[in-house]
Amino acid sequence: MTAVRELKLTPIRNGTVIDHIGSGLALEVLRIIGIEGREGGEGGSTVSVAMHVPSQKIGWKDIVKVENMELSPRKLNAIALIAPTATVSIIREQRVREKRIVALPDRIDGVLKCPNPSCITNQPEPVESEFEVIQRAPVVLRCAFCERRVDDFLHHLA
Amino acid sequence: MALKGRDLLAIRDLTREEIEEVLAASRRMLPYARGQKVGAQLDGRVLTLAFFEPSTRTRLSFETAMARLGGRSVTIADSSSTSLRKGESLYDTIRVISQYGDAIVLRHPNEGAARLAARASDRPIINAGDGAGEHPTQTLIDLAAIREAYGKLTGLTVTLLGDLKYGRTVHSLARALALFGATLVLSSPPSLRLPAPVREDLDRAGIRIEEVPNVPEAVRRADVLYVTRIQRERFGDDAEYAQVAGSYRVDPPLLEGVGPKMIVLHPLPRTGEISPEVDASPHAAYFRQAFLGVPVRMALLNLILAGRSS
């Protein structure tokens with residue numbers, strides 16, 4: 001951990017740290033993982049965001065820390081859509097228990113909204129959106145229902 | 001037969017061999033479809049037709065197909081009379097009615113509806129059109145018409161003329177033809193060219209594609225001329241529609257000098273793309289194509305419901 005980073009955000013006791021997010025993308029990452037800052041109700045999670053922090057690895061980066069929550073791999077992997085360099089650490093009792101780079105899965109469920117207004121997933125149906133990754137570089141997704149292709153994910157976050 | 005109990009949601013759910021199996025079975029259905037033989041293959045079976053969007057011929061041909069094989073069909077033909085009107089989801093509707101009959105034929109205005117229905121149902125779902133999405137039985141009918149005229153599907157040049165952008169039948173047909181190694185000639189107004197993702201799929205499938213905007217030349221090249229309707233509802237203003245709609249019309253002079261076996265197909269209904277004078281031409285095969293809707297759907301129902309191909 002660098003001195004600079006320790007100044008910007010204090011270490012957390014329990015929770016999830018998402019580091020090495022491309023500079024300026026922290027808020028979109030929060031949207032992808034569905035964090036609105038009201039999680040856990042009264043006395044719930046504290047969410048810290050640092051933007052435009054110097055990074056030895058990627059020049060400038062953003063960091064997100066969510067206290068007292070261990071985010072599901074499904075949501076964390078969806079971060080790879082916009083921040084493929086991001087790393088995720090699960091912290092328990094101030095120790096890093098798990099650290100890994102986000103990995104784009106074969107399917108993205110529930111994170112994006114299908115851009116096709118006529119898609120059945122945009123109707124009042126008991127169904128989550130579902131996208132298959134049909135191309136990885138650059139990433140292109142295809143709706144598992146209507147087959148609409150999506151490559152501008154930021155515009156289609158659910 | 002591998003189709004028994006299966007869904008048919010998109011034409012790519014079928015392999016080349018399975019398509020050939022359906023087409024072969026549909027030829028064996030011809031005497032039954034014409035009423036020369038009385039079928040009882042599906043005696044005691046019940047087909048549920050759930051049509052949440054108007055369609056006359058697709059619905060009638062499914063009902064006829066079922067009846068010709070001795071089965072029965074029950075039909076929701078007007079979504080305003082269903083509980084969807086009361087706010088019930090398609091998922092719940094299908095979950096309930098799938099328990100009644102042996103299979104469901106679904107027509108729905110939203111893309112992906114058939115796939116959702118397939119998750120709600122443990123009985124086979126046959127997609128009879130989901131919005132601008134798939135309509136696989138239409139593609140099987142198109143292929144049956146070509147197969148009937150030429151005795152094969154390989155090595156043919158198929159010219160797709162008209163609205164290649166929105167015409168879903170064209171996209172499905174092109175993908176299916178790619179399985180058989182046809183050559184595609186594309187001829188459309190510039191604003192209605194084949195969408196890039198469809199084109200990329202076809203290129204990946206290794207099919208030969210040529211774009212020939214000149215209509216007479218595209219027609220001369222064809223073994224099969226597949227004409228589509230320009231969908232008026234897709235255009236914002238009438239002037240734009242009129243300009244595109246008038247840009248091609250199949251009439252007797254256009255068909256002068258084509259090969260003797262060349263056939264003209266159209267998924268119907270036509271608006272002005274094929275002049276009525278063409279109907280008397282030996283090349284006109286679109287009414288025959290429409291008739292094939294019955295034997296093809298008979299074959300499909302027989303395979304899916306009973307696992308039989310005759």
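Predicted model: local features only at pLDDT ≥ 70, side-chain atom pairs only at ≥ 80, totals over all residues.
Let me begin with chain B, where 26 Å separate the centres of domain 1 and domain 2, taken over C-alpha atoms, the domain bounds coming from an automatic or database domain assignment. Residues are numbered from 1 along each chain as its sequence is written, chains are lettered from A and ligands numbered from 1 in the order in which they are written, and side-chain values use heavy atoms, with hydrogens and water left out.

In chain B, domain 1 covers 11-134 + 293-306, and domain 2 covers 137-290. Where these two domains touch, 25 residues of domain 1 of chain B are in contact with 23 residues of domain 2 of chain B, contact meaning heavy atoms within 4.5 Å. Together the two domains of chain B bury about 1900 Å², 62% of it on carbon and sulfur atoms; buried area here is the accessible area, taken with a 1.4 Å probe, that two parts lose on being put together, summed over both. On the side of domain 1 of chain B, the residues that lose the most area to domain 2 are B:Ile11, B:Arg16 and B:Leu23, together 28% of what that side buries.

What polar links join these domains of chain B? There are four residue pairs in polar contact, both residues at pLDDT 80 or more, where a polar contact is a pair of N or O atoms within 3.5 Å and, within protein, one must be able to donate a hydrogen and the other to accept it, residues adjacent in sequence counting only if both atoms are side-chain atoms. Two or more residues of the domain 1 side come from each of helix 1 (16-28), helix 3 (57-68), strand 4 (125-130) and helix 13 (293-306) of chain B, these elements being DSSP runs numbered from the N terminus, with helices as H or I of at least four residues and strands as E of at least two. Helix 1 of chain B gives the largest share of that side, six residues.

Chain A is also divided, into domain 1 (3-101) and domain 2 (107-156), and their C-alpha centres lie 25 Å apart. Here seven residues of domain 1 of chain A are in contact with nine residues of domain 2 of chain A, and the two bury about 730 Å² between them, with 73% of that on carbon and sulfur atoms. Across this interface in chain A the rule finds zero salt bridges, a salt bridge being a side-chain nitrogen of Lys or Arg within 4 Å of a carboxyl oxygen of Asp or Glu.

Four strands form an open sheet in the order 6-7-8-9, with antiparallel pairing, two strands being paired if DSSP finds at least two bridges between them. Why is one side of strand 6 (107-109) and of strand 9 (149-150) of chain A left without a neighbour in the sheet? Both stand at the edges, each with a single partner strand, so one side of each has no neighbour there. Strand 6 of chain A pairs with strand 7 (residues 130-136) over three bridges, in the antiparallel sense, and A:Arg107 stands opposite A:Glu132 in strand 7.

Next comes the contact between the chains, which takes 18 residues from chain B and 15 residues from chain A. The area buried between chain B and chain A is about 1300 Å², and carbon and sulfur atoms give 45% of it. Of the area that chain B buries against chain A, 37% is supplied by B:Glu111, B:Leu116 and B:Arg119, more than by any other three residues. Four salt bridges are counted between the chains, and in a salt bridge between A:Glu130 and B:Arg119 the side chains meet at 2.7 Å, N to O.

I will end with the peptide bonds. Most residues other than glycine have a negative phi, and most peptide bonds are trans. A cis peptide bond, however, joins A:Ala137 and A:Pro138, with omega about -5°, and A:Pro138 is placed in the loop between strand 7 and strand 8 (139-143) of chain A.
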